[in-house]
Amino acid sequence: MAKNRVITVQNVSIAVSTEELDDYICITNIAGAKSDQSRAADIIRNWLRNRSTLEYLSVWEQLYNPNFKVFESEHFKKQAGLLTFTPSISEWVEQTGAIGLYVKRGKYGGTYAHKDIAFEFASAISPTFKLYLMKEFQRLKEEENNKKQIEWDAKRFLSKNNYLIQTDAVKNYLIPQKTYSDNLEWLAYAEEADVLNVALFGFTAKAWREANPELAGKNNVRDYATVNELTVLSNLETHNAHMIREGKKKKERFQILKDIAEYQLGILNAAEHIKLDEKTDR
């Protein structure tokens, strides 16, 4: 569905429409910078009958439109300059399958051109007007991008807080109560994955499954980890592989990994809370 906006360039209101993720600008409005809107159609028609315009449109279509009918476009070029040649935008679109221009009815009606073509049309109207048009169009895009960024930050902030609430609930009610860090009997038989699990989460995968039988069918403990925990887990895997190559025993490696996990997770969590506080204060 098209999204319409209006920008003002040297006191001329110009509609901008987004069609299939690209921007089209109303050149009927742009023509109003040269004369009143009632003569806009004549100005566009005179622009279209110019051979350089047809060359430009043909090249643009060949670059971006695989269905463009090149042979039919040559018919238009051959007539360029003839007094009897008075083409319309509708004729150009219908006969060549062009997508760079279209005519819109109703509210915000008029002839619309892809921004590349609209800027070219503005050059024919006034090079100065074109510069102001490009500047105002760029301001519009920056404003839209900033709005999207703010909306994205807000959604991420809310999502993160909801996720933290959910994660806290999981840890309060679903985390195994046995303290594996103090009693290391499990360590002699543990696989490397559980060495990392206990170092980071404080329990084995088996203990988590036993405490969460309903979740264990399709999930594991790492599915409920925070982004910070997953970041630390990735670092632990690298450290552990390096220590294995060095020949360090499992017990020694576990203690080192546990210390690394506590240190890195503490830094990441503290930094995240600072960022959230800063955004809340803005």
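Q: Helices are DSSP runs of H or I with at least four residues, strands are runs of E with at least two, and both are numbered from the N terminus; in which helix is the place of valine 59?
A: Valine 59 has its place in helix α3. The model is a predicted one, in which local features need pLDDT of at least 70 and side-chain atom pairs pLDDT 80 or more, while totals for chains, interfaces and linings use all residues. Residues are numbered from 1 along each chain as its sequence is written, and side-chain values use heavy atoms, without hydrogens and water.

Q: How many helices and strands does the protein have?
A: The secondary structure comes to 12 helices and 5 strands.

Q: Why is valine 59 called partly exposed?
A: Buried means under 20% relative accessible area and exposed over 50%, with partly exposed in between (1.4 Å probe, protein chains only). Valine 59 has a relative accessible area of 47%, so it falls in the middle class.

Q: What makes the nonpolar surface patch of about 410 Å²?
A: Val59, Leu63, Tyr64 and Ile99 make this patch. A nonpolar patch joins Val, Leu, Ile, Met, Phe, Trp or Tyr side chains within 5 Å, from residues with over 30% relative accessible area and no salt bridge. Valine 59, at 47%, is over that 30% limit.

Q: Why is aspartate 23 called buried?
A: Its relative accessibility is 6%, which is under the 20% limit, so aspartate 23 counts as buried. Arginine 5 is buried too.

Q: What makes arginine 5 and aspartate 23 a salt bridge?
A: The term asks for a side-chain nitrogen of Lys or Arg within 4 Å of a carboxyl oxygen of Asp or Glu. In this pair the closest N and O atoms are 3.0 Å apart, so the pair qualifies. Arginine 5 is in strand β1 (residues 3-9) and aspartate 23 in strand β3 (residues 22-26), 18 residues apart, and the pair links distant parts of the chain.

Q: How do you know that lysine 141 also forms a salt bridge with aspartate 23?
A: The closest N and O atoms are 2.8 Å apart, so this pair also meets the 4 Å limit. Lysine 141 lies in helix α7 (residues 127-174), 118 residues from aspartate 23 in strand β3. Arg5, Asp23, Lys141 and Glu144 are linked in a network of salt bridges. The whole structure holds 13 salt bridges.

Q: What does the salt bridge of arginine 253 and glutamate 192 tie together?
A: The two side chains meet at 2.9 Å, N to O. Arginine 253 lies in helix α12 (residues 250-281) and glutamate 192 in helix α8 (residues 192-200), so the bridge ties together parts 61 residues apart in sequence.

Q: Buried or partly exposed: how do arginine 253 and glutamate 192 count?
A: Arginine 253 has 5% relative accessibility and counts as buried. Glutamate 192 has a relative accessible area of 29%, so it is partly exposed.

Q: Which members of the largest nonpolar core touch the most other members?
A: A nonpolar core is a set of buried Ala, Val, Leu, Ile, Met, Phe, Trp, Tyr and Cys residues joined through side-chain atoms within 4.5 Å. Of the 35 residues in the largest one, Ile14, Ile27, Ile30, Trp92, Phe121 and Leu133 touch the most other members. Elements that each supply at least two residues include β1, β2 (12-19), α5 (89-96) and α7. Helix α6 gives the most, with 6 residues. Apart from this core lies another, of 25 residues, among them Ala190, Ala199, Trp208 and Phe254.

Q: What is phenylalanine 121 in contact with?
A: Contact means heavy atoms within 4.5 Å. Beyond its neighbours within four places in sequence, phenylalanine 121 is in contact with Ile27, Ile30, Ala31, Ile43, Ile44 and Trp47.

Q: Which residues of helix α4 (residues 70-79) are buried?
A: The buried residues are Ser73, Phe76 and Lys77. They fall within an arc of 100° seen down the axis, so they line one face of α4; the arc is taken from the directions from the helix axis to the C-beta atoms. Phe71 and Lys78, on the other side, are exposed. The cover over the buried residues includes α3 and α5.

Q: Why is glutamate 136 called buried?
A: Glutamate 136 has a relative accessible area of 19%, so it is under the 20% limit. Glutamate 136 is found in helix α7 and touches Ile7, Thr8 and Val9, leaving out residues up to four places away in sequence.

Terms used:
Patches are made of residues with over 30% relative accessible area and no salt bridge: like charges are joined within 9 Å, nonpolar side chains (Val, Leu, Ile, Met, Phe, Trp, Tyr) within 5 Å. Accessible areas come from the Shrake-Rupley method with a 1.4 Å probe; for residues, only the protein chains shown count as cover.
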